[in-house]
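User: I have a model open and want to go through how it packs. Can you take my questions as they come?

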Amino acid sequence: MNSKKVIFQVHRISKANREEVLEKAEKDLAAVRDQHISRLVKELQGTDFWKLRRAYSPGVQEYVEAATFFKFCQTGTLLNLDEINASLLSLSDPSLEPLQINLLDYLLGLADLTGELMRLAIGRISDGEVEYSERICQFVRDIYRELTLLVPLMDDGSDMKTKMDTMLQSVVKIENACFSVRVRGSEYIPLLGSSDPSSFLVGVSDGEL
């Protein structure tokens, strides 16, 4: 829940308030790590935490989604798994095996990230920031392309394979939006909630926006 609040906070970003929004989001993300992830670490340390993964996996995925979304909006780059796990090392007792986010939870969170980037891209187009939306589009394409090579090789990939379908929908929605604006120009920058059958927003729910 608190990770989702960070995502909502980052979605408020615009040219006018970028620094303010990112500063607040960074503090909120640190609070999630220090208050909630740290509690998880303390509870699981000294146990066979890999066997208990499914009990805490959804929350970890949400944290990964929030952290990677913040990082992209801050720097335009992807926060990798090693960087996330390095940020958690200080929460662990040095004498015990540290709790680390595993690859599957990272990839599942990354898949959810693309949905948030789709919403961000649509919002930025509505604000006239077409070039920024095109950068988001390329970033999401790159993630999807790399995962299409990896997912078929995964043993425990059923959840991931389902999310790949949703990820492809996000890629297509961003591509259609960017293409429509480039072809038809500023006249096509829509009002949110457009019901025009030719609008790229048709099929995008209010919740996604």
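User: Which residues in helix 2 meet helix 3?
Analyst: From helix 2 they are Arg18, Leu22, Ala25, Glu26, Leu29, Val32, Arg33, Ile37, Leu40 and Leu44. They meet Tyr56, Val60, Tyr63, Ala66, Ala67, Phe70, Cys73 and Gln74 in helix 3. Contact means heavy atoms within 4.5 Å. Helices (H or I, at least four residues) and strands (E, at least two) are DSSP runs, numbered from the N terminus.

User: What sort of model is this?
Analyst: This is a predicted model, where local features need pLDDT of at least 70, side-chain atom pairs count only at pLDDT 80 or more, and totals for chains, interfaces and linings use all residues. Residues are numbered from 1 along each chain as its sequence is written, and side-chain values use heavy atoms, with hydrogens and water left out.

User: Back to helix 2 and helix 3. At what angle do they cross?
Analyst: Roughly 155°, and their axes come within 11 Å. Axes are lines fitted to C-alpha atoms, for helices over the stretch in contact, and angles run from 0 to 180 degrees between N-to-C directions. Helix 2 and helix 3 are therefore roughly antiparallel to each other. Angles under 35 degrees count as roughly parallel, over 145 as roughly antiparallel, 65 to 115 as roughly perpendicular and the rest as oblique.

User: Left-handed or right-handed crossing?
Analyst: Left-handed. A crossing is left-handed if the near helix is turned anticlockwise from the far one by less than a right angle, and right-handed if clockwise.

User: What is Leu40 in contact with?
Analyst: Tyr56, Val60 and Leu99, leaving aside neighbours within four places in sequence. Leu99 is 59 residues from Leu40 along the chain, and their C-alpha atoms are separated by 8.8 Å.

User: Switching to helix 4. Which residues are buried there?
Analyst: Helix 4 covers residues 81-88, and Leu81, Ile84, Asn85 and Leu88 are buried. They line one face of the helix, because they fall within an arc of 95° seen down its axis. The arc is that of the directions from the helix axis to the C-beta atoms.

User: And what covers them?
Analyst: The cover for the buried residues of helix 4 includes helix 2 (18-44), helix 3 (53-75) and helix 5.

User: How about helix 5 and helix 6?
Analyst: Those two pack at an angle of about 160°, with their axes 9 Å apart. That makes helix 5 roughly antiparallel to helix 6. Among the residues making the contact are Leu110, Thr114 and Leu117 of helix 5 and Ile136, Val140 and Ile143 of helix 6. Helix 5 passes helix 6 in a left-handed crossing.

User: What does Thr114 touch?
Analyst: Val140, Ile143, Met167 and Ser170, not counting residues up to four places away in sequence. Thr114 lies in helix 5 (residues 103-126) and is buried, with a relative accessible area of 1%.

User: Last one, the whole protein. How many helices and strands?
Analyst: There are 7 helices and 0 strands. Of the 209 residues, 45% count as buried. Taking contacts with a separation of 6 or more, 70% are accounted for by residues 24 or more positions apart.

Terms used
Buried < 20%, exposed > 50% of the residue type's maximum accessible area, 1.4 Å probe, protein only.
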